[in-house]
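Hi,

Have a look at it first and then read on.

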Amino acid sequence: MAELIPFVSKAFWDAAANMAEFVRVCREKLTVLGADLDFDASGWDVTDHYERRGQHHRLILNFVEHSARAGALGPPMPEPFAMQAKAYVRYQAGLRSRRTPPQYQVLALRALLAAFKDRGVEPSLCLLDSHILDRAVELASQRKPGNFAATIGTALALLSKFLREKNLAPYAPIEWRHGLQWQHRVAQTTKAANERREARLPSADALRALPEAFRVAKEPRDVIATSLVALLSCAPSRINEALSLRSDCEIQPMAQNEEGYLLRWAGSKGYPDFAKAIPAVMADVAAEAIARLKQYTSEARAVAAWYEQHPSEVYLVGECNELRGQNLNVKEIATIIGFNEEQSARHWIKLNKLTPVGSFLSSRGTTRHIYAFSDVEAAIISYLPKGFPILDKRTGLRFSEALMVVRRNEFALRRNARWKCMIAPVTYSNIQHGFYNVEDGIFSRLGLSTPDHPIFFKSNQLRHYLNTIAQRGGLSEIEIAAWSGRRDVRQNAAYDHRTPEEKLERKRRRDNELAAIAGKKVTVNKPVSRDAVAARSIHGHVTELGFCEHDFASSPCVMFMECLHCTKQICIKGADPRHAERVVLALDSARRSLAEAEEALSKEYEGAQEWVDVHKATVDRLEQLYAILTDPGTPDGSIIRLAKSGRYSLVEQAMHDHQQSSGMPLHWKADVHGTISRGQR
């Protein structure tokens with residue numbers, strides 16, 4: 001029997017050659033993420049290339065098959081998929097903001113790899129097609145609930161379009177969509193919506209425990225954490241903004257008979273730095289929180305100022321100054337650093353690989369080593385925070401000027417681990433761990449939480465809570481956005497957790513207030529079901545092939561001059577004796593246009609392919625409609641409504657153009673009434 005040789009198209013060979021060159025350029029020519037980047041490594045340390053306010057842990061991009069399980073990473077991605085994935089991530093990193101690490105791109109590539117393996121296809125981006133993309137999103141949805149799969153789908157859509165436009169994958173769809181619904185669009189009356197609303201807001205127990213913890217906290221770590229949360233309770237704020245406060249952030253200190261109280265606030269997510277107004281009822285709390293933070297972080301600022309002026313000399317306090325320049329034994333090293341136990345100093349010496357320069361016998365006859373002061377000094381200075389002396393690159397804030405700077409290991413569980421001679425910034429994890437750790441958190445240490453009745457909360461819940469209170473209190477959307485440091489008032493909706501009953505009651509009160517001003521009585525109509533509205537609906541206008549049932553009183557037409565491709569156009573068989581005749585005339589005209597477009601395509605005219613696609617879709621729709629109208633099995637009086645086509649609406653086209661020009665994808669959904677919901681990911 002003759003050997004079967006599988007056919008491989010020229011388009012694939014061209015794409016494979018392009019992919020090989022793309023990988024070579026990204027490996028050898030690009031300097032994005034560092035000229036010294038180890039391209040072949042399965043883990044890339046990109047910490048120094050992204051600005052993440054309030055987060056100081058290492059940022060590693062792991063090109064592995066799956067994330068950490070039982071403390072270990074999965075195996076590295078197989079070749080050639082791994083080098084293709086790395087090339088794509090590095091190339092895209094040069095086009096994206098340095099504030100957004102490409103972590104979801106890596107997660108999307110992992111989902112894609114799982115889909116290739118699930119389908120039994122050799123993992124290669126050159127072989128990407130719609131079936132692999134659909135399976136990747138399906139596997140992602142099985143792995144994690146919520147919007148995880150939709151976010152992965154958005155990243156995969158950008159990947160597919162890039163590969164197709166750059167001729168790196170001949171089968172990749174250029175306009176693929178994941179088809180999942182974002183969960184924040186669920187109806188507000190469902191059980192899922194109620195559970196989501198409760199998860200976004202702090203519990204009643206947490207709201208009672210927070211002021212009590214602020215009052216009774218004594219240890220520095222507890223005072224600092226509770227004071228920061230007290231500050232977040234005074235006005236809706238992001239924790240990264242509070243972590244970037246200056247020590248002199250008070251614009252107008254509290255004084256007798258003085259009402260206003262403002263703080264110099266660092267904006268984020270595109271919002272500029274601004275003066276945040278603290279409500280009068282919370283001004284005393286904010287002033288006390290700031291005073292406590294200044295008191296418990298003043299020593300750390302003094303240490304930071306020393307290192308700014310003496311970058312190569314260790315900070316020594318009190319009697320430790322007498323040890324400068326002398327050889328040091330283990331006990332003296334422990335005293336300089338702040339360890340209460342010599343064993344901790346021995347462990348630190350071993351960790352830093354210090355070599356003794358001498359030894360002596362103690363009174364007990366044991367050998368004690370001596371270490372050079374310069375070696376100890378260099379080891380201590382190596383612990384200066386990354387980026388020192390700048391704490392916040394965006395604002396230029398220095399450690400010596402920052403409010404949220406502490407001694408190294410200030411939040412450590414062991415008291416003797418806090419250093420005298422080194423500093424560290426307060427991080428998000430310091431605060432989050434203190435309030436979310438049930439076993440050894442702040443509430444537990446202060447006796448406010450027990451294993452039988454645990455209390456915990458997340459810092460962002462206060463932001464949601466204060467925004468909801470502002471909505472209940474009647475603040476305008478502009479006022480809420482300005483108070484929250486939000487540049488787009490539409491973002492307020494994500495923080496509004498009022499129940500549907502509360503919103504309805506608010507509307508009724510407002511109607512009554514307006515009526516009282518106008519001297520009229522307001523009549524509140526009972527709610528009407530959607531079925532009842534649909535039963536009373538009438539068409540808006542007659543079209544060439546039927547009539548439109550869109551309600552123009554609620555919104556304008558989103559398919560202007562595209563009635564054939566709109567689901568709001570309906571036809572009634574037999575209502576017009578010349579209906580089929582008009583369809584035939586339109587079909588003949590469309591076929592002629594298609595023939596002309598195909599002739600232009602054969603001559604390789606610019607843009608001819610787009611016209612072929614448009615006219616072919618029109619011919620298909622008209623043929624479907626004609627087949628239904630002439631089908632003897634379809635009785636007269638039947639209502640005919642064609643399914644949704646692939647034609648863009650005006651809104652979809654505008655969103656597509658926005659993404660083409662800005663690179664920022666938008667998502668949308670039109671409900672049964674034609675109302676359009678939109679959002680930016």
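First, the ground rules. This is a predicted model, so to speak of local features I needed pLDDT of at least 70, and side-chain atom pairs count only at pLDDT 80 or more, while totals for chains, interfaces and linings use all residues. Residues are numbered from 1 along each chain as its sequence is written, and side-chain values use heavy atoms, with hydrogens and water left out.

**Overall**

The protein comes to 22 helices and 16 strands. Those are DSSP runs numbered from the N terminus: helices are H or I with at least four residues, strands are E with at least two. Of the 681 residues, 41% count as buried. For burial, the cut-offs are under 20% relative accessible area for buried, over 50% for exposed, and partly exposed in between (1.4 Å probe, protein chains only). Among contacts with a separation of 6 or more, 61% are between residues 24 or more positions apart; contact here means heavy atoms within 4.5 Å.

Helix α5 covers residues 148-165, which is 18 residues. From first C-alpha to last it reaches 26 Å, close to the 26 Å expected at 1.5 Å a residue (the expected span is 1.5 Å times one less than the number of residues). Because 14 of its 18 residues are buried, α5 is largely enclosed by the rest of the structure. Just after α5, Asn167 takes a positive phi of about 55°.

Helix α2 (residues 81-93) packs on α5 at an angle of about 95°, with the axes 12 Å apart. Axes are lines fitted to C-alpha atoms, for helices over the stretch in contact, and angles run from 0 to 180 degrees between N-to-C directions. That is why α2 and α5 count as roughly perpendicular. The cut-offs are under 35 degrees for roughly parallel, over 145 for roughly antiparallel, 65 to 115 for roughly perpendicular, and oblique for the rest. On the α2 side the contact uses Tyr88, Tyr91 and Gln92, and these meet Leu158, Leu159 and Phe162 in α5. The residues of this contact divide into five nonpolar, one polar and no charged. In this scheme Ala, Val, Leu, Ile, Met, Phe, Trp, Tyr, Cys and Pro are nonpolar, Asp, Glu, Lys and Arg are charged, and the others, Gly among them, are polar.

**Helices α7 and α8**

Helix α7 (residues 204-216) and helix α8 (residues 220-232) pack at about 130°, with their axes 9 Å apart. The two are therefore oblique to each other. Leu210, Ala213 and Phe214 of α7 make the contact with Thr226, Ser227, Val229 and Ala230 of α8. By type, that contact has five nonpolar residues, two polar and no charged.

One runs from Glu79 to Pro80, with omega near 5°, and Pro80 is found in the loop between β2 (60-62) and α2. Another joins Phe388 and Pro389, with omega about 10°; Pro389 is in the loop between α13 (373-381) and β7 (390-392).

Then the positive phi values. Leu33 has one of about 70° although it is not a glycine, and it lies in the loop between α1 (10-28) and β1 (43-45). Leu33 is buried, at 7% relative accessible area. Glu604, also not a glycine, has phi near 60° and lies in the loop between α20 (579-602) and α21 (608-629). Glu604 is exposed, at 72%.

**Single residues**

His579 lies in helix α20 and is buried, with a relative accessible area of 6%. Leaving aside residues up to four places away in sequence, His579 touches Leu545, Gly546, Cys571, Ile572 and Leu629. His131, in helix α4 (residues 130-143), counts as exposed at 55% relative accessibility. Ala305 sits in helix α10 (residues 280-309) and is partly exposed at 25%.

Cheers
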